[in-house]
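Subject: Structure for your review

Dear colleague,

Please find below the structure that I am handing over to you. My notes on what was found in it follow directly after.

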Amino acid sequence: MTADRLDEPDPLDALAQERVDFRFKGLPPEAEGATVADLAARRLNLFTDGFTTPVLTLSAERLEHNLALMETYATRHNLTFAPHGKTSMAPQLFRRQIEHGAWGITLAVPHQVRVARRFGIERIFLANELVDAAALRWLAGELDADPSFRFVCYVDSVRGVELMQAALSEAGATRPVDVVVELGAGVGARTGVRTEAECAAVADAVAGADRLRLVGVAGYEGEVPQADGDRVRAWLRQLVALAVDFDRAGRFAGVEEIVVSAGGSAWFDAVADVFAEIPELTLPVLKLLRSGAYVSHDDGHYRHLTPFNRVPEEGALHPAFRLWAQVVSRPAPDQAFINAGKRDAAHDLDLPEAQAVRAARTGAVRDASGVTVTGLSDQHGWLRLDNGTELEVGDWLGMGLSHPCTAFDKWQLIPLVEADGTVVDYIRTFF
């Protein structure tokens, strides 16, 4: 929240006053009617104070570690950081990311922008072309009502520029919307302009639209076909060259800085390397990194892809998710079932990874060796057990998850848990 709005109520306070009820999975039935703030103040224990399974948790210590690590990384490499908020859609985490040095928050669709604005986010980068007339009318109102609100979005077509111009004109927008030309990552990649000539045509269209202002170039290197370090760096250099060409052509006249933006969670080391090569331009350059999955990291996809594997001297992210479920059936010596399935666990990239067992009889926690998750039904997880594996009906199984973006979106209120099992807060999501 900016200094000129400090006298307004903190919108996060309203989240703390929300009352717990049947909407929120995994919470103790006895918590019904308590506010989130009251529940956090009780410092309940995840295992002994009535939480029901399945329940997704975030590690308090690992979350803080990841936030601090990426703040340090961005500072070390002279990058401005706008982490992608669609990963968590959690305003409490947006606030903590900004407290850890983030310039603002990246988002993907208009609903997400509305959530961020509701919770006081003053700088938003929309990594998409915005052509929805209703959303553009709303955006025009937000920009006109709040001079401190900074908004930047992609454009990747002349038609998109025409639609934006028409909607903003009809809305009577008085502040132009800042846009960056999105450079496509190659043939067969996702969105973005494919050729230099098309980039120039889109930029020309923006120059002719009085409700838009060209402020830079951007793209997503994660879509480079057959991506490897050389291919990704080559594409990033094309992006930088586009910014240089636009600057030489005087296309950024009247702006305060030139935005050059890229950066998912797999190649931010390449982004750091190439953005360090950006030559001096006629205006300051905002080198905007947008990686988002770091906030929770994971135990699968990003564990394998993270650039920190290539540059271990820079540190390491820690997976912060753990999904706890209960063994509800062991129909055969080599098979068991838990009460968590596709409704509870990310499964689009990898199946959950069995990591820990908490024995129902003793409360002792041990490694989940010999236990493998082999499949998910809607509300059951299928387990294969090695010969001699100890696992009883009633035991809790703790699992790591793969792909943060499809883990957060299954849970509206996620306990933030310290290493000893103490729940210190609850993270609210809005999907």
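In these notes, a residue is called buried under 20% relative accessible area, exposed over 50%, and partly exposed in between, with a 1.4 Å probe and protein chains only. Asn78 is exposed by this rule because its relative accessible area is 61%.

Two remarks on the source are needed. This is a predicted model, in which local features need pLDDT of at least 70 and side-chain atom pairs count only at pLDDT 80 or more, while totals for chains, interfaces and linings use all residues. Residues are numbered from 1 along each chain as its sequence is written, and side-chain values use heavy atoms, with hydrogens and water left out.

Backbone geometry

Most residues other than glycine have a negative phi, and most peptide bonds are trans. Asn78 has a positive phi, near 55 degrees, and lies in the loop between α3 (60-76) and β2 (80-81). Helices (H or I, at least four residues) and strands (E, at least two) are DSSP runs, numbered from the N terminus. Met89 likewise is not a glycine and has a positive phi of about 45 degrees; its place is the loop between β2 and α4. Met89 counts as buried because its relative accessibility is 0%. The peptide bond from Thr53 to Pro54 is cis, with omega near 0 degrees, and Pro54 sits in the loop between α2 (36-42) and β1 (55-59).

Helices α5 and α6

Within helix α5 (residues 110-118), the buried residues are Gln112, Val113, Val115, Ala116 and Arg117. They pack, with contact meaning heavy atoms within 4.5 Å, against elements including α4 (91-99), β4 (123-129) and α6 (133-145).

In α6, Ala135, Leu136, Leu139, Ala140 and Leu143 are buried. These residues cover an arc of only 140 degrees around the axis, so they lie on the same side of α6; the arc is that of the directions from the helix axis to the C-beta atoms. Among the partners of the buried residues of α6 are α5 and β5.

Nonpolar cores

A nonpolar core is a set of buried Ala, Val, Leu, Ile, Met, Phe, Trp, Tyr and Cys residues joined through side-chain atoms within 4.5 Å. The largest one has 128 residues, and Phe151, Val177 and Phe275 have the most contacts inside it. Helix α9 (residues 229-248) supplies the largest share of this core, nine residues. A second, separate core of 18 residues includes Leu44, Leu46, Phe51 and Ala356. Apart from neighbours within four places in sequence, the contacts of Phe151 include Val113 of α5 and Leu139 and Leu143 of α6.

Salt bridges

With a salt bridge taken as a side-chain nitrogen of Lys or Arg within 4 Å of a carboxyl oxygen of Asp or Glu, the count comes to 27. One of them joins Arg117 and Glu122 (3.8 Å, N to O). Arg117 counts as buried because its relative accessibility is 9%, and Glu122 is buried at 9% as well. Another links Arg159 and Glu162, with the closest N and O atoms 3.8 Å apart. These two are three residues apart in helix α7, which means that about one helical turn separates Arg159 and Glu162. At 52% relative accessibility Arg159 is exposed, whereas Glu162, at 43%, is partly exposed. A network of salt bridges links Arg150, Asp178, Arg213, Glu256 and Glu257.

With kind regards
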